[in-house]
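Dear colleague,

Please find below the structure that I am handing over to you, together with its sequence. A short account of the findings follows it.

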Amino acid sequence: MWRQRMEAQEATRTTTYTAVVLVGIGVTGLMMYTVFKELLSSFSPQTVYSAALDKCSDHPRVGDFLGDSIKGYGEESRRGRRQHVSHLAYEVEGSKGLRIKFHLKGQRRTATVHLDARQTPGGWDFRYLYVQLDSHPYEVIVIEDNRETVFGSSGEVSDAPVLLQA
């Protein structure tokens, strides 16, 4: 009787430990999948942010207004860290899109960047990308504006105007 009770306790303990190890492996696998998906995906918020930062830094008017050594950063947290790039993922007619907002800082001034990117069969394209200066004169520098271009779900790209219905 005592022996059966010990065997039952040992079996329960072994089952519990096995379940904990399997849950740990599952959570670790999910975390690795998420990290690799974010880093290796060609249409991730970080990839689009990096491409937009390069375009903004290379634009001559942005350099004139902000100054040299332009740096990009995300929203500031309560601890003063600026790592989170604000983004919103959406889907329209089977086509994935991202809206991203981040900040630029140069030697002279700061600015806010707004962009919308859509995934296409050949990769992804910016629908719009503009820089809004944060101090007077409050100017908007349009780097790219393709809102007249329609990105269809079947992959065709046309220059037909987009009609919005109320």
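L104 counts as buried because its relative accessibility is 0%; buried means under 20% relative accessible area, exposed over 50%, and partly exposed in between, computed with a 1.4 Å probe on protein chains only. Please note that this is a predicted model, in which local features need pLDDT of at least 70 and side-chain atom pairs count only at pLDDT 80 or more, while totals for chains, interfaces and linings use all residues. Residues are numbered from 1 along each chain as its sequence is written, and side-chain values use heavy atoms, with hydrogens and water left out.

L104 lies in strand β3, which spans residues 95-105. Strands (E, at least two residues) and helices (H or I, at least four) are DSSP runs, numbered from the N terminus. The C-alpha atom of L104 is 8.3 Å from that of L66, although 38 residues separate the two along the chain.

β3 runs antiparallel to β4, and nine bridges join them; two strands pair if DSSP finds at least two bridges between them. Across this pairing, L104 has A111 of β4 as its bridge partner. The two strands, β3 and β4, form a hairpin with four residues between them.

On to the next pairing: β4 is also antiparallel to strand β5 (residues 123-133), over ten bridges. Here A117 has F126 in β5 as its bridge partner, and a hairpin of two residues joins β4 to β5. Strand β4 (residues 110-120) is largely enclosed by the rest of the structure, because nine of its eleven residues are buried.

Yours sincerely
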